[in-house]
Amino acid sequence: MHRRGFLAAGLATVLASPRALAQMKMDDMSTMPGMEMSGHKMDAVTQGATMLPEGEALRALPLLANEAARPSVFKAKLTAEATIARFAEGLETPILAYNGMSPGPLIEAFEGDRVEVSFANRINSEASTVHWHGMPVPADQDGNPMDPVAAGADRVYAFDLPEGSAGSYWYHPHPHGRTAEQVYRGLAGAFVVKSKADPVPAEYGDTVLMLTDLRLAADGSIPGNTMTDLMNGRVGDQVLVNGQRNPRLAVAKGDRRRLRLYNATNARFLKLAFEGAAMTIVGTDGGLIEAPVAVDEILLSPGERIELVVAFDRPGPATLGTLDYDRGWMGAGRPADAGLMLLTVDVSEMPGAAMPPLPARLRPIAPLSAPAVSRRLVFTEIMAMNATGMEMGFLINGKTFDMARIDIVAKAGETELWEIVNQADMDHPFHVHGTQFQVIEHERDGKVSKPPFVAWKDTVNVARGETVRLLLRQEQPGRRMYHCHILEHEQLGMMGVLDVRA
Ligand SMILES: [Cu+2]
């Protein structure tokens with residue numbers, strides 16, 4: 001939806017119940033003017049959906065080769081360009097890819113490294129950027145919408161990876177108004193920063209599982225966003241792991257595997273459980289936590305990552321699948337959350353080589369100091385009728401995103417308390433660029449709860465009706481974005497600009 005005329009033109013009616021309105025208008029909305037519909041009707045989502053074959057051997061993500069001649073430097077080229085994916089026999093899908101692949105190549109570098117990535121935007125007539133999601137890079141190297149790389153242009157992104165920054169990051173486009181589409185058409189990749197002194201045993205391996213969401217029409221094409229997608233965020237028909245549907249991985253009985261799970265979907269909330277294997281959380285968005293935490297299930301909202309050690313002690317298949325999670329859905333067509341099989345692990349009858357135990361302590365995390373400043377960010381949605389039909393807005397403190405406006409001025413190196421208040425009907429995963437934060441509490445219906453462990457995060461789900469309080473410190477000056485990581489919501493205005501001053 002273009003914001004032209006929205007709010008400024010005046011709203012005839014702002015309804016008290018957005019959900020009821022959304023349902024009422026559902027049938028008409030696909031033909032409404034001003035929507036980026038690409039001619040697709042609402043029901044195109046399920047009619048004629050093409051599902052990929054399941055059960056291929058899990059592919060490791062190809063590594064982006066380091067071309068640097070010197071040690072402690074990571075140097076490579078990344079090209080964004082249209083290509084044809086062949087997801088199945090006889091099926092051709094036009095996608096966008098980094099270096100010809102989707103997900104993009106895995107970038108692996110070490111703490112202390114200098115990174116220089118030459119980016120070539122070869123997307124036809126669209127600006128793009130590379131945003132280094134979660135990484136402590138300088139503001140002018142972070143691929144913000146204010147720094148577009150025009151179609152056909154090149155630029156170098158250069159930054160240093162500080163000590164202590166090891167973690168599971170990712171990269172994706174962040175151009176003004178085009179992020180959601182460039183991501184669902186295929187542009188996203190993982191960036192793992194490694195530590196030279198990693199306490200997790202090397203015998204566990206280190207496997208990135210990039211979870212993306214795909215919707216394919218019968219002809220193999222990826223349809224554009226519908227009105228439902230714009231409201232709820234785009235949810236596809238199938239969740240892929242490293243570009244494959246429910247791939248298989250073979251392990252020996254007794255094996256432990258380190259798995260880094262990425263929710264790189266535009267808008268799908270993934271409540272995950274491993275049937276037949278035991279999960280232990282060892283890390284979050286910004287790296288290892290202090291001590292391992294055993295869990296039965298995990299909620300991974302769009303943009304979040306989690307690092308697990310999974311123990312395969314029972315022979316037979318162990319499956320990573322989804323459970324139901326109600327994140328608030330507007331209108332008809334709520335997708336089934338539960339029962340998606342993401343990964344099948346075949347555990348052998350014969351035990352493998354003995355695995356070293358996971359250490360009881362991983363690393364200390366110093367709590368952020370007492371905040372010097374407190375801020376309150378209120379997330380709301382509005383649905384409104386005007387002369388041409390229904391329009392919707394996704395707001396932070398009553399405003400839609402304006403690239404020319406600075407919403408918050410902060411001081412580099414100063415700890416702040418951010419209170420993210422979700423007064424909307426949907427969950428919104430909150431993300432801020434340039435740093436990692438610490439969630440200190442959640443509040444819902446007057447009940448306050450603390451997170452089960454201290455962790456570095458750059459994305460946190462704020463459930464509808466919930467308030468999340470977090471401590472945050474930006475070390476480097478410059479303009480940073482903060483936004484909902486449902487990419488359609490970000491695109492429709494749920495984003496602000498933080499100006500960090502030295
Ligand atoms: Cu949102």
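How much space lies in the largest cavity? About 230 Å³ lies there.

## Basis

The model is predicted: local features need pLDDT of at least 70, side-chain atom pairs count only at pLDDT 80 or more, and totals for chains, interfaces and linings use all residues. Numbering starts from 1 along each chain as its sequence is written, and side-chain values use heavy atoms, without hydrogens and water.

## Cavities

The structure holds three cavities of 30 Å³ or more. A cavity is a set of points, on a 1 Å grid over the protein atoms alone, where a 1.4 Å probe fits but cannot get out; lining residues have an atom within 4 Å of a point. Volume is the space filled by probe spheres set on the points, which are joined across faces, edges and corners.

The largest cavity is lined by 23 residues, and Val183, Tyr184, Gly186, Thr212 and Asp213 lie nearest its centre. Helix H2 (179-184) and strand E10 (207-214) each give two or more residues to this lining; helices (H or I, at least four residues) and strands (E, at least two) are DSSP runs, numbered from the N terminus. E10 gives the most, with three residues.

## Copper site

His428 (ND1), Cys484 (SG) and His489 (ND1) coordinate the copper ion at 1.9 to 2.1 Å. Donors are N, O and S atoms within 2.8 Å of the metal (3.2 Å for Na, K and Ca); water is not among the atoms, so sites may look incomplete. Along the chain the donors follow the spacing H-x55-C-x4-H. His428 belongs to strand E25 (residues 428-432) and His489 to helix H4 (residues 487-491), 61 residues apart.

Terms used. On a 1 Å grid over the protein atoms alone, a cavity is a set of points where a 1.4 Å probe fits but cannot get out, and a pocket is an open set with protein on both sides within 12 Å along at least five of seven lines; lining residues have an atom within 4 Å of a point.
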